[in-house]
Amino acid sequence: MISFETRPERYSHWKLSVEGPVATLTLDVAEDKPLVPGYKLKLNSYDLGVDIELHDALNRIRFEHPAVKAVVITSGKSRIFCSGANIYMLGSSSHAWKVNFCKFTNETRNGIEDSSAHSGLKFLAALNGATAGGGYELALACDEIAMIDDRSSTVSLPEVPLLGVLPGTGGLTRLVDKRKVRRDLADVFCTTAEGVRAARAREWKLVDHVFKPQQFGDLVKQRALELARQSDRPGGAGVTLAPLGESRLVEVKLDPAARTAEITLKGPEQVVLERNADWYPLRLARELDRAILDLRHNQREIGLWILKTKGNPQQVLELDALLEKHDNDWFVREVIGYLRRTLSRLDVSSRSMFALIEPGSCFAGTLLEIALAADRSYMLDAEDGPKIALSPLNFGTYPMANGRSRIETHFCGEVPSVPQNEMLNSGRAGQLGLVTSTPDEIDWEGEVRIAIEERASLSPDALTGMEACLRFAGPETMSTRVFGRLTAWQNWIFNRPNAVGEQGALKVYGTGSKAKFNWERV
């Protein structure tokens, strides 16, 4: 069982230090401490355990250090920044492990960009040595990249020529979408295993700054302070992210025989602003985040998540009003950000999701996002049946990876006139098109049961592809292209003998043998 919970005193691979408005995250991988046995994390390479620590460290900076305005990501090893994902880990891992690993690292890097866009945290990658593969992809997620010019260090994406796979965390897309590297130069770069040295890297827009070794530390610090001046983070006392312990707000019930998980979110009992880790929306985000990650990585045969809520929908609307009123407060802004990133995990999870709206539910405002994220929603039609409600926060506070709100995506960009802060019964919700089906008390049990059984009987592979195509209606963004292209291409490549066969590039890497390819272009 993989746990995604950790804390700084347990880190083996990252060191977090804070000096005024600048935090430094130093990657110093302990090569003899992989997450699972069987490989060594040489050359500052990483596995899932390294990224679990990075995810935690980023949240510590967001919540515990509000005075931090810029983050420097660098290496604690001489002449090497990061060689990327550990090849021997990838070569020995199952297909599902590789895919889940890539998805989590993608989300962590997307979270860096999310904090830059919404929270005022600016990121500077300080490449103080050779930088390859996922190491360069980590740098690409930052606002700026500074590279040491020591005449030997290079940046590279060597996955295609060396491993027969693709960069796994959005490197190809970020090159052309984010950094605007010319397509022909990107082609040369991504097929040159030895990489590109500092001067050419800057010329091709692969990095922003090139500093000589004797000036590197001082100029990185100077640039970080300049980035910090662009931030609107206020300073002041932070909020400690205490260990979660047992779940209080998110309950998960597994049915392995039916291959389903019932996930119930408890609504707020009181609506007040509290500056601690137990404040309802922060704890909800953390518990839901943990539940999603646990189900993804540890319960892979659970194919259908049944989403429920329990509580008073009016109190959820009151909480949304409180969040909206204080959305300029740094702490509230960070909590909203945590909710936004956690909800986004639902959208890209390769699981079917049905929302069941029953008496006692509180699918309103922020919690209605759960139903809007689902592939289908069933709402009981009864005299004293459940009600749902929209709040202003449903209209852009929690955008999906496509940049649209879930309500906008639900209607494929053409949102009808829908009331806000008004309780809607099943008849009105069905009329407005906010739910999929509204069975009455006679049909409810049968219709829901049949829908669940039918879904569980379908091919998981076909469902993953179908859901990925249907969930992001409308225009593309860099994030949807990263997830969409990797879902289609990397998953396919990870199954092909050219990559993972006995003589595939990923399998023979480091053995001295040359990969043997099937030369058909498919």
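Predicted model: local features only at pLDDT ≥ 70, side-chain atom pairs only at ≥ 80, totals over all residues.
## A covered strand

Start with strand β4, residues 70-75. This strand is mostly covered: six of its six residues are buried. Its side chains point two ways. Ala70, Val72 and Thr74 point one way. Val71, Ile73 and Ser75 point the other way. Both sets are buried.

Strand β4 has partners. Strands of a sheet pair through backbone hydrogen bonds, either parallel or antiparallel. Strand β2, residues 22-27, pairs with β4 in the parallel sense, over six bridges. One example is Ala23, whose bridge partner in β4 is Val71. Strand β7, residues 122-127, also runs parallel to β4, and four bridges join the two. Here Ile73 stands opposite Ala125 of β7.

## A five-strand sheet

Now look at an open sheet of five strands. Their order is β13-β14-β15-β16-β17, and the pairing is mixed. Strands β13 (250-255) and β17 (376-379) stand at the edges. Each has a single partner strand, so one side of each is left without a neighbour in the sheet. From one strand to the next, the twist averages 20 degrees.

Strands β13 and β14 (residues 260-266) run antiparallel, joined by six bridges. Within this pairing, Glu251 stands opposite Thr264 in β14.

## Aromatic pairs

A pair of aromatic rings is described by the distance of the centres and the angle of the planes. The structure holds 12 aromatic pairs. Take Phe63 and Phe331. Their ring centres are 6.2 Å apart and their planes are at 80 degrees, so the pair is edge-to-face. The pair links distant parts of the chain. Phe63 is in helix α1 (residues 48-64), Phe331 is in helix α12 (residues 330-347), and 268 residues separate them. Both Phe63 and Phe331 are buried.

Trp489 and Trp492 also form an edge-to-face pair, with 6.0 Å from centre to centre and 80 degrees between the planes. These two both lie in helix α18, residues 478-495. They are three residues apart, about one turn of the helix. Trp489 is partly exposed, with a relative accessible area of 48%. Trp492 counts as partly exposed too, at 35%.

Some rings group together. Phe63, Trp279, Trp330, Phe331 and Tyr338 form one aromatic cluster.

Charged side chains also meet rings. Arg341 lies over the face of Tyr338, at 5.9 Å from the ring centre. Lys98 lies over the face of Phe494, at 5.5 Å from that ring's centre.

## Two loop residues

Leu43 sits in the loop between β2 and β3 (45-46). Its phi is near 60 degrees, a positive value in a residue other than glycine. Asn44 lies in the loop between β2 and β3 as well. Asn44 has a positive phi of about 55 degrees, although it is not a glycine.

Which of these residues is buried, and which is exposed? Leu43 counts as exposed because its relative accessibility is 57%, and the cut-off for exposed is over 50%. Asn44 has a relative accessible area of 0%, so it is buried.

Key. Residues numbered from 1 in each chain as written. Heavy atoms only, no water. Buried < 20%, exposed > 50% of the residue type's maximum accessible area, 1.4 Å probe, protein only. Pairing = 2+ DSSP bridges. Phe/Tyr/Trp six-rings, centres within 6.5 Å; stacked < 30°, edge-to-face > 60°. Lys NZ or Arg CZ within 6 Å of the ring centre and 35° of its normal. Axes fitted to C-alpha atoms, helices over the stretch in contact; angles between N-to-C directions.
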